[in-house]
Amino acid sequence: MARAKYTITDADFSHASSYISDKLQRFEFEFRSNCSSDDARTELFEIVHSSQRQGRAERLNQWGEKYLSSPDWLKLKVGIRKRRERRMRQDAVKTVTISAKAHRLLTKIAKRDGVTFSDVLEHLLARAANSAAKIPKRRTIS
């Protein structure tokens, strides 16, 4: 049985259970030969959906000690920390996906001016928002 490298607290229960559920759904845990992923899923479901809220974090820690390897505990700890950080700054920072070409252009301008991507985008978008010119639509090939 792997020794817990991190102790899940009541405050982190929702982060931990979401992280673990996601990893289980994508089959990203490597269980020991004597552990079944079906058993792990069943036990996790019982913990997460239990009507008894008291002690859920402790039961989730016991689940982790039974099923998770040391590297998986470390990944869980990092995952919880990142989820906490994202929740704290969700109004301040957003994530977007851009094309490779847009990334190259942003990188070039940011390096030239010694600023961040956000600084470049905020500057250019403010100018565009105050301009009467519209951004041309992408042409689609029929």
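**Salt bridges and surface in a predicted model**

User: In this predicted model, which side chain meets Glu28 in a salt bridge?

Analyst: The side chains of Glu28 and Arg26 meet in a salt bridge, at 3.4 Å from N to O. Glu28 counts as partly exposed because its relative accessibility is 34%. Lys23 is linked with this pair in a network of salt bridges. The side chain that meets Glu28 is that of Arg26.

User: Which residue forms a salt bridge with Lys66, and how many residues apart are the two?

Analyst: The closest N and O atoms of Lys66 and its partner, Glu43, are 2.9 Å apart. This pair links distant parts of the chain, with Lys66 in helix α3 and Glu43 in helix α2. Lys66 has a relative accessible area of 38%, so Lys66 is partly exposed. The partner is Glu43, and the separation is 23 residues.

User: Is Asp72 buried or exposed, and what is the nearest side chain of opposite charge?

Analyst: Asp72 is found in helix α4, residues 70-88. Beyond its neighbours within four places in sequence, Asp72 is in contact with Phe29 and Glu30. Asp72 has no salt bridge, and the nearest side chain of opposite charge is 4.4 Å away. Asp72 is buried, and that side chain belongs to Lys75.

User: Where in the protein is confidence lowest?

Analyst: The protein averages a pLDDT of 85, and 92% of the residues score at least 70. Confidence is highest in helix α5, residues 100-113, at 95. Confidence is lowest, at a mean of 86, in α4.

Technical notes
Residues are numbered from 1 along each chain as its sequence is written. This is a predicted model: local features need pLDDT of at least 70, side-chain atom pairs count only at pLDDT 80 or more; totals for chains, interfaces and linings use all residues. Side-chain values use heavy atoms; hydrogens and water are left out. Helices (H or I, at least four residues) and strands (E, at least two) are DSSP runs, numbered from the N terminus. Buried means under 20% relative accessible area, exposed over 50%, partly exposed in between (1.4 Å probe, protein chains only). Lys and Arg count as positive and Asp and Glu as negative; His and the chain ends are not counted. A salt bridge is a side-chain nitrogen of Lys or Arg within 4 Å of a carboxyl oxygen of Asp or Glu. Contact means heavy atoms within 4.5 Å. pLDDT is the predictor's confidence in each residue, from 0 to 100.
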